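My notes follow in the order of the look-ups.

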Amino acid sequence: MINYSIFTTIYTMKYVIIGIIIVSGLFLASRFIFFDKNDLDSNLQHVNEAKAEPLDREVVVEIESGRTFSDITEEVGIGGTLMHEILTASEEVYDLVKVRVGREMKFYFDKETDEFKQLIYPVDTEEELYITVQEDASILAERKTIEYEIRVKTVGGSIESSLYESAVEQGIDIRAIIDLADVFAWTVDFGMGIRQGDTYSFIFEERYRNGEYIMPGQIIAARFVNDGKNIEGYYFNEGEDEEGLVVDGYFDLNGDSLQKIFLKNPVSFKYISSNFTTGRRYVEAFNVSTGHRAIDYAAAAGTPIRAVGDGQVTSAGWNSSGYGNRVSVRHNSLYSTNYAHMSKIYVKYGQQVQQGDVIGAVGSTGFSTGPHLHFEMVKSGTKINPLTVDLPSDKAVSEDRLGEFQEYIKQWQVQL
Ligand SMILES: [Zn+2]
C-alpha cells in the first residue's frame, strides 16, 4: 500500500507540476501576447516625467517696421559683441540686415545659465536659418529645409461672377487659386476670357506643420472648362537635365507643355483677382469694326504690367499721339506687343526682357479716361486679337518618358 501511495503521490505531483508549467506558461505568454495597457501607461508616464524638466527660455519677436537686427538683439538682451559674432557667422548663409517685417524670430536661452543658445528665423517658405552657439562657443549658421507634412486635397467650383468669388464661396485658400491661375496663365485670360458657367477642379498639396495648416503647396492636377473648352494640366517632374536643372512643369493630356510663348494676360490674376468679374468691367475688347484693335484691361493705377513673352524693348517712353507712356517689345521676327497709358515705365530701350518681367505700371497717361492698360499684339505689322491667337507649346514631356507620364496622370484624372 505504501508503494501504491508513493506511486499515487508521484502520480499526483506529476499532474501538479504539469499544471504549474501550463499555468505559468500561459501567464508568460499573456505578458507577450496581450500587450498590457498598464505597461503602456507607465511608459507614457516616464516620457512625461522626462518632459517635465525645465526647458530653455524661448523669446519670440515679431519683426516690426523700422526695426533692425541690432534693435531686436538688444531687446532680447544679446550684447553688441555677440550680436556682431552672429552677424559675421551668418554672413555667408543669410544677410540678417535684411530681416523682413511681419516674420517671427525665435531666440532660445539656456535653461540653466540663461545664455543665448539658438536663433531660428524663416528665410522664406522653404527654409529656416538656424544660428547655434556650439559647445566650443563658436557660432554655427546654417539653412535647413522646412519639412512640411503634406495632405492632398481636391477642390472645385463653378464661376458665376469671378474665379476669386467662387473660391471664396467654396472656402478655398485664395493662394491656391492664384497658383491655379498661374498654371493656366498661358491658356486662359482670367480677365477677358472667363465666362459665366466655367468650371474648375484641382488637386493640390496642403502644407502642415505640427498639425497646423500653413499654406498650399504644389498643384498636382487641374482642370478648367473655359467657354465649353476642356483644359487639363498635370504637374510632372522629369528630374535633372545635363546641367543639373530640374525639368518640370505642367503638361496637358498629350504631354505638351501648358507654357506657351505668350502669356494670355499682361496683368497677373493675383492683381486683378478681387476686382474683376467675367469680363464685364473691362473697358474695351478687340473690335475691328470700331477700330479698337487692342484689349483694354481696367486695373488700379500702379498695378504691375508684365511682358507677355521674352523679347527686346524697342521703345520705352512718351508717345504724343495718345498712347501716353508706352513700351514696345519685339518677341521674334513675327510678333511684338505694345503696352500703353502706363503711369510708370521700368525698362529702357534695347533691354532684354523675360516672359513675366514687370515692365511698368498701370496708369491713365495719354488719351485715357481712367486707369487701364491698352494692350496690343502685332503680327507682321498687323494688330491681331491676342485672345484668339493660338500659339505652339514651349516644350513637351520627353519622348522616352511619355508613357510613364500618361500612366502617372491616370490616377489624378479620375479624381478631378
Ligand atoms: Zn484701348
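I count two strands as paired if DSSP finds at least two bridges between them. The coordinates are those of a predicted model.

Entry 1, the sheet. I asked in what order the strands lie. Five strands form an open sheet, ordered β6-β7-β8-β9-β10, and the pairing is antiparallel. I then looked up the edge strands, which are β6 and β10 (246–251), each pairing on one side only. From one strand to the next, I find that the twist averages 25°.

I took β7 (residues 199–209) and β8 (residues 212–226) and found ten bridges between them, in the antiparallel sense. I looked up Phe204 as one example: its bridge partner is Ile219, in β8.

Which residues of α5 (residues 163–170) are buried? I find Leu163, Tyr164, Ser166 and Ala167. These residues lie on the same side of α5, because they cover an arc of only 165° around the axis. I next asked what the buried residues of α5 pack against; the partners are β6 (149–158) and α6 (174–183).

I looked at what follows α5 and found Gly171, with a positive phi near 70°.

Notes. Residues are numbered from 1 along each chain as its sequence is written. This is a predicted model: local features need pLDDT of at least 70, side-chain atom pairs count only at pLDDT 80 or more; totals for chains, interfaces and linings use all residues. A residue is buried if 20 or more other C-beta atoms lie within 10 Å of its own, exposed if 12 or fewer, and partly exposed in between; C-beta atoms are placed from the backbone. Helices (H or I, at least four residues) and strands (E, at least two) are DSSP runs, numbered from the N terminus. The arc is that of the directions from the helix axis to the C-beta atoms. Two residues are in contact if their C-beta atoms, placed from the backbone, lie within 7 Å. Axes are lines fitted to C-alpha atoms, for helices over the stretch in contact, and angles run from 0 to 180 degrees between N-to-C directions.
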